[in-house]
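Subject: Structure handover

Dear colleague,

I am passing on the structure we discussed, with notes on what was found in it. Please read the notes with the model open.

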Amino acid sequence: MEFFLRQEQKQTDTSRRLNGKQRLKESALIIALLSAVFFLVSLLSYDSSDPSWSQTAWDGPVQNAAGNAGAWVADTLFFALGTLAYPLPFLLLLGGWVFFRRRSESEPLNYTILATRILGVVLLLLTSCGLADLNFDDFWFFSSGGVVGDVLTELSMPLFNLLGTTLVFMFLWAAGFTLFTGISWLTIVDTLGEKTLSAITWLVNRARGDKPQMIGSTVDTSEPAEDVDESDPLFAKPVAKKRELADVSLLNKAQRVDEGDEDNVVTVPPVIHAAMATNAASSERKEPVMTLEPEIEEPVIAPEPKPVFVSNSQEAEINDDAEVPAEPEQVNQTLISETASEEASSEESMAESDGAPWDDDVNFGSTESVVIEETREDIVIGNTDGLSELDRAQAESVIPDEEEDPFLETIREAQKNAAGAVHPFLIKDEPNLPKPKEPLPTIDLLDPPRNTATRASDEELQYQARLIETRLEEYKIKVTVKGIFPGPVITRFELELAPGVKVSRIMSLSKDIARSLSTSAVRVVDVIPGKPYIGLELPNTSRETVFMSEVVASERFQSSKSPLSVVLGKDIAGEAIVTDLAKAPHMLVAGTTGSGKSVGVNVMIVSMLYKAGPDDVRFIMIDPKMLELSVYEGIPHLLTEVVTDMKDAANALRWSVAEMERRYKLMSALGVRNIAGYNDKIREAAEADHPIPDPLWKPGDSMDETAPVLEKLPYIVVIVDEFADLMMVVGKKVEELIARLAQKARAAGIHLVLATQRPSVDVITGLIKANIPTRMAFTVSTKTDSRTILDQGGAESLLGMGDMLFMPNGSNHPARVHGAFVNDDEVHRVVSNWKARGKPQYITEITSGDQGSDGLLPGEAPEGGDGEELDQLFDQVVEFVTESRRASVSGVQRRFKIGYNRAARIVEQLEVQGIVSPPGHNSNREVLAPPPPPRD
Ligand SMILES: Nc1ncnc2c1ncn2[C@@H]1O[C@H](COP(=O)(O)OP(=O)(O)OP(=O)(O)O)[C@@H](O)[C@H]1O
C-alpha cells in the first residue's frame, strides 16, 4: 500500500513539473518574446544618425531606445529587408508561440509540415521584399525592399519586365502563403463566393420581407414581433439566440473552424463563448466542464418566458444587442487575416482526423438552395481507397498494432530463455518463481498507459455542438447545447430542449441523428440527474484505450478499503469508476460476443487480486468456454479448479448454497448479522487468546476429540462466464440455486458474477433478474436485449470494445463506463505473481456433489435417489425414442413441442435411467433400450 501511495505522490509531483522538451519549448517562447520586443523597439526608434554599418562617422549619444545594439540591429534589418523588417518581430513571436503551443503533447514533429512552413515563410519574405521594392518608395537611405528586394528585382526585371515581375512575385507570394499556412486559395475563393451569395440571398429576402421558417414544438407564428421587449433581459437574449439559429449564413461562418480562426468561432455562438471563457482558463488537460453561466440560464429560470420569433427584417432592429454575432464582413476579414499559429493548429488537427465532419464540403441541410448548389460540386462520387465497406468497418475497429507488442516481446523472451527445452507455448507451470516481497502485487505488473488518441480541440467540439443544433432543427426540434463533456471514448453534449419538446421524440430519432451526424451510434440520455437537460453522447473520432494500470493507480481504487473493490473503467469525464462487489452484491454482465465481457470480467478479477489475498477472498470460477478463466488455474484464491463441466458447475452452486447455510448457522450462533461482524468477533477472540470453538461440530464429525476453533471466513466470489450454457445444460435447477444464493448470500459473504452473451429472457429470467440488482450491459444487438438486462434501452447504441452501461444496485440510471483493458499478458503476470506466493487448497466436495442436505432446494431429493421426479412426458419420450431409435434433444423438442431446456433435461433423465447412452464424440446418443413390443 505504501508503495502505491508513494507512487501516486510521485506521479502528482512529476505532473506539476515540465519535462525536458516542455522546458525547452517554454524557454524558446520567452526568448522569442524578448527578441521580438527588442527588434520592435530597435526598429521603431531607429535614428539615421546612430552608429551603424551605413554610417562612417557619428558622435553624440545613441538615439535608439534599444541602445547601441538596437541601432546596429535596426540598420542591418532595414538594409537587408527594407520595410519588411517591421513584420519580423511579429513573425518571431509567432514562431515562438507555434513552438510552445503544443508543449504538453508528446507527438513527434511532422517534418514535412515544418519544412513546407519554413519554405513558405522564406518565399513570403523574399517575394514581399521584391514587391515592396517595385511598389514602394525608399525610406531614409534604405531601399523599400531592402537589399534582398533590390537583388531580386534586378535579376527578374531584364527577364520579365515590370508587369511580368510583379505577376511572378504575386504568384510566388500566393504559393508561399499556401505553403506556410496550409490554407487553400480555393477555400478562400469558396468562402468569398459563399459570403457574397449569402449576402445577396439575405438582401433579396429582406427586400421581399420573407419570414424565417418556425422551429420548435411551441412555435407560435401568430405572435407579433412587436411584443418583443428588448429592454427586458428575459426576452432579449432568447431573441438573439433565435436569430443566430435562423441566420444560416452566420451559422455557416461558425462552421468554418477548419480554418482555425478562433475569433471567428468565439464571436458566433454566445452560449459556447461563455463556456469557452471558462474552459480557456482551465488547465492543459481538458477539464470536462463547459457549463454555462447565469446570464444564459436567465430564460430558463424566468416564469414562462413567451416564445418570441423574429424575422430577418426584425433582426436588424436589434442589432445593438451585446451578444450579436459578428457581421459577415468582420468575420470574413478575420478569416483571411488569421494568424499562422491558429492555422497551424487547424491544419494539424485536420491531418490527424482525416475525413472529420468539419471538412469544407460539409453540407448543412438547413442552408438555402444557393449553398446546396455550391456544395454539390464537392460531392465525392465513389470510393478512392479501394476498400470494401466491410474492410473499412473492420479497419475502424482494429486495435492499434502496438497493443500486442509487449505480449510478443514477452513471448520472444520466453522463447529465448527456454531454447532447447520444452516449447515455450506449452509451458504450463512456472518453474519455482521467487516469492515476491510485497504483500500484494505491484502496479508495475500491468502495462503502463499509453497515449492512444488525440483529443478533439475546443473548436472541433464547438463545431459539433453547432452541427447538432442544426441537424436537430432539420427534424423541427429546437435545442440549445448547454454543456460539452469530452471523455476518453465519447463526448456528451448536454442539450436544453425548447419548451414542450418531448425527449421521446429525440430518442426515437436517435438512429437518424447518428446518420445525419455521420457517427456510428448516438445515445440519448433522457435524464441527467440534477440537471434540466438531456444528453447526447457521440463517439469521439479518435478513441482512447483505458488501461487497467491507470484505473488501478487511481486514488479511488487505492483508497477503497473493501477487499471486493473492483475497477470497471472510466466514466465519460475520464474519472475512474470503482465499485464494491460486497455492496453490489451480485452482478449480471451481458453483451453480445466480442463486446468486451470477458475483458470486463478479467478486469474485475484482477482488481480483486490487487486488493485481497486468499485469506480475504476466494473464487469459484465456472467457465464452460474452457478458455476465458483457465488462466487463473493455480492461484491460491481458488476454492476448486476452474470448473468447465456443467454438471460440476451445478454441484459448485449447490456447495455454495450449503456453505451459505453453514455460514448462516455460524453467524446466528455468534449473534452477528453479517460476515464482517463474524470476522470481527473471530479476530477479537483470537486477540483475547480465547478462540471460539465450532458450535456446529458434533463428536464423530471429524477425528478430533474437541471442536475445532472457528477461523476467519473469506468472501467467496462465484464467477460464471457464459451463464447461458449452464442454464441450457442443467436447466431450471440452476435458476433456482442462483435465486436462492442471490437472495440470501450477501450476509454470508458469497457474491455472484454472472456473465452471458445471450441476454434473452430464457437465460436472464425474471427470477434471476429480481435477485441480481447490479447490471453491466455491454453492446447488445437489439433494444429488447438491452431491456432484458437493464429494463431500458441504450445498450444497443454502445460502441463495443468495453463500452458499457453500468447500473449499480438501487439505481435506475445506468452510467456510461468505458471498460478498462487488460491483456492476456498482464493477467498472466498478476497470476504468476500470486502463484509464486502460494498454492491453492482445493475443496473436493465442491464439484463432487457430496454436500449433504444443505445444498438441496426446498422439496428436492438427493440426486439419483428414489424421490427424483421424472418429467411428466418421460414415458411418452421413452416410447418415442425407443421406437424411432433416435435420441436427440432437438428431435424430442420438435416431437413434443417443448423448449430446449425441458427436452435436454428429459434426455438426461433417459441417460440416468440407462435408456440412452451418454453423448458420443459427435454428441449423438445411442438408444440402449430395446424397441417397445409391437401394438396389436
Ligand atoms: N476495455 C476495452 N478496451 C479496448 N478494447 C477492448 C476492451 N474490451 C474488449 N476489447 C476488445 O474487444 C475484444 C473482444 O473482447 P472480449 O473477448 O472480452 O469479448 P467478449 O464479449 O467476451 O466475447 P466472447 O463472448 O466472444 O468471449 C478484445 O479482444 C479486445 O480487443
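A residue is called buried when its relative accessible area is under 20% and exposed when that area is over 50%, with partly exposed in between. By that rule Thr 593 counts as exposed, because its relative accessibility is 61%. Please keep in mind that this is a predicted model.

The ligand site

The ligand is surrounded by 17 residues, and the closest are Thr 593, Gly 594, Ser 598, Gln 757 and Gly 819. By class, the shell holds nine polar residues, five nonpolar and three charged. Helix α24, which spans residues 597–611, supplies the largest share of this shell, with three residues.

- Thr 593: an N or O atom of the side chain lies 2.4 Å from an oxygen atom of the ligand.
- Gln 757: here too a side-chain N or O atom is involved, at 2.8 Å from a ligand oxygen.
- Thr 592: a polar backbone atom is 3.5 Å from an oxygen atom of the ligand.

Taken alone, the ligand exposes 620 Å², and the protein buries 78% of that.

UniProt, in an unreviewed entry, places a "binding site" feature at Gly 591, Thr 592, Thr 593, Gly 594, Ser 595, Gly 596, Lys 597 and Ser 598. Two of these positions were looked at in more detail. Gly 591 sits in the loop between β7 (587–590) and α24, and Thr 593 is likewise found in the loop between β7 and α24.

Is each of them buried or exposed? Gly 591 has a relative accessible area of 0% and is therefore buried, whereas Thr 593, at 61%, is exposed. Apart from neighbours within four places in sequence, Gly 591 is in contact with Lys 597, Thr 756, Gln 757, Phe 778, Thr 779 and Val 780. Of these contacts, Gln 757 is also one of the residues closest to the ligand.

The annotated transmembrane regions

The unreviewed UniProt entry also gives a "transmembrane region" feature at residues 27–46, 77–100, 112–133, 139–160 and 167–188. Two of the spans were compared with the model. Residues 77–100 are 75% helix and 0% strand, and the end C-alpha atoms of that span lie 26 Å apart. For residues 167–188 the figures are 86% helix and 0% strand, with 19 Å between the end C-alpha atoms.

Regards

Conventions. Residues are numbered from 1 along each chain as its sequence is written. This is a predicted model: local features need pLDDT of at least 70, side-chain atom pairs count only at pLDDT 80 or more; totals for chains, interfaces and linings use all residues. Side-chain values use heavy atoms; hydrogens and water are left out. A residue is near a molecule or strand if one of its heavy atoms lies within 4 Å of it. A polar contact is a pair of N or O atoms within 3.5 Å; within protein, one must be able to donate a hydrogen and the other to accept it, and residues adjacent in sequence count only if both atoms are side-chain atoms. Accessible areas come from the Shrake-Rupley method with a 1.4 Å probe; for residues, only the protein chains shown count as cover. Helices (H or I, at least four residues) and strands (E, at least two) are DSSP runs, numbered from the N terminus. Ala, Val, Leu, Ile, Met, Phe, Trp, Tyr, Cys and Pro count as nonpolar, Asp, Glu, Lys and Arg as charged, and the others, Gly among them, as polar. UniProt positions are given in the numbering used here, feature names are shortened, and annotations may be inferred rather than shown by experiment. Buried means under 20% relative accessible area, exposed over 50%, partly exposed in between (1.4 Å probe, protein chains only). Contact means heavy atoms within 4.5 Å.
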